[in-house]
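Subject: Structure handover

Hi,

Here is the structure you asked for. My notes follow below it.

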Amino acid sequence: MTKTRIFLVVAVAAFVVQMMYIYPNLPATVASHFDAAGNPNGWMTKGVFLIIEIGLIVLVVGEFLLVPRFVRRLPPSLVNMPNKEYWLAPEHIDETMEIFRSYFEVFGGVIVALFVVVNQFVYAANTARSNLPGSIWMVIVAFLLFTVVWVIKFIGEFRLK
């Protein structure tokens with residue numbers, strides 16, 4: 001198993017362990033949406049909260065695991081990437097798909113880690129019957145910065161060698 005796949009698996013395992021811990025301790029009605037100031041303004045039952053969380057994880061992980069396979073099956077005319085004639089040529093397609101696989105496993109793992117952190121904030125707000133702390137914005141900004149760096153590095157992988 002590659003390091004990137006291990007990272008994704010560990011992130012999903014952390015999510016599962018976290019849900020097993022927080023679910024029994026959540027109130028019957030969970031504040032699940034918050035405004036920009038951290039005030040709760042949307043609620044759902046904890047059962048629906050769990051179903052949505054699991055659905056999101058399945059969707060995110062599935063999407064990021066399937067992207068390389070999907071791209072491989074697309075006709076090159078539908079793929080938008082730098083130097084695609086080179087990278088989608090039969091002699092380079094395996095290397096290209098390996099780049100896609102590793103980058104998308106990392107990005108999927110980071111999104112799952114983001115879910116874990118945000119869920120911890122939501123759990124703390126629900127059990128304390130309080131607002132989300134303003135520090136959640138630091139997490140969001142860090143994720144956005146990571147995304148910018150990830151995109152730049154990912155595109156940079158497809159320079160001609």
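Strands E1 and E2 form a hairpin, with five residues between them. Gly38 sits in the turn and has a positive phi of about 90 degrees. Please bear in mind that this is a predicted model.

E1 covers residues 29-34 and E2 covers residues 40-45. The two strands pair in the antiparallel sense, over five bridges.

Next, the helix packing. Helix H2 spans residues 46-73, and helix H4 spans residues 93-128. Their axes are 7 Å apart, and the packing angle is about 165 degrees. Angles over 145 degrees count as roughly antiparallel, so H2 is roughly antiparallel to H4. The crossing of H2 and H4 is right-handed. Which residue classes make up the contact of H2 with H4? There are 19 nonpolar residues, two polar and five charged.

The largest nonpolar core has 43 residues. Those with the most contacts inside this core are Met81, Phe100, Phe104, Ile111, Leu132, Phe154 and Phe158. At least two core residues come from each of these elements: helix H1 (3-22), E1, H2, H4 and helix H5 (136-156). Which element gives the most to the core? H4 does, with 17 residues.

H4 therefore links two of these topics: H2 is roughly antiparallel to H4, and H4 gives the most to the core.

Best wishes

Terms used: Residues are numbered from 1 along each chain as its sequence is written. This is a predicted model: local features need pLDDT of at least 70, side-chain atom pairs count only at pLDDT 80 or more; totals for chains, interfaces and linings use all residues. Side-chain values use heavy atoms; hydrogens and water are left out. Axes are lines fitted to C-alpha atoms, for helices over the stretch in contact, and angles run from 0 to 180 degrees between N-to-C directions. Helices (H or I, at least four residues) and strands (E, at least two) are DSSP runs, numbered from the N terminus. Angles under 35 degrees count as roughly parallel, over 145 as roughly antiparallel, 65 to 115 as roughly perpendicular and the rest as oblique. A crossing is left-handed if the near helix is turned anticlockwise from the far one by less than a right angle, and right-handed if clockwise. Ala, Val, Leu, Ile, Met, Phe, Trp, Tyr, Cys and Pro count as nonpolar, Asp, Glu, Lys and Arg as charged, and the others, Gly among them, as polar. Two strands pair if DSSP finds at least two bridges between them. A nonpolar core is a set of buried Ala, Val, Leu, Ile, Met, Phe, Trp, Tyr and Cys residues joined through side-chain atoms within 4.5 Å. Buried means under 20% relative accessible area, exposed over 50%, partly exposed in between (1.4 Å probe, protein chains only).
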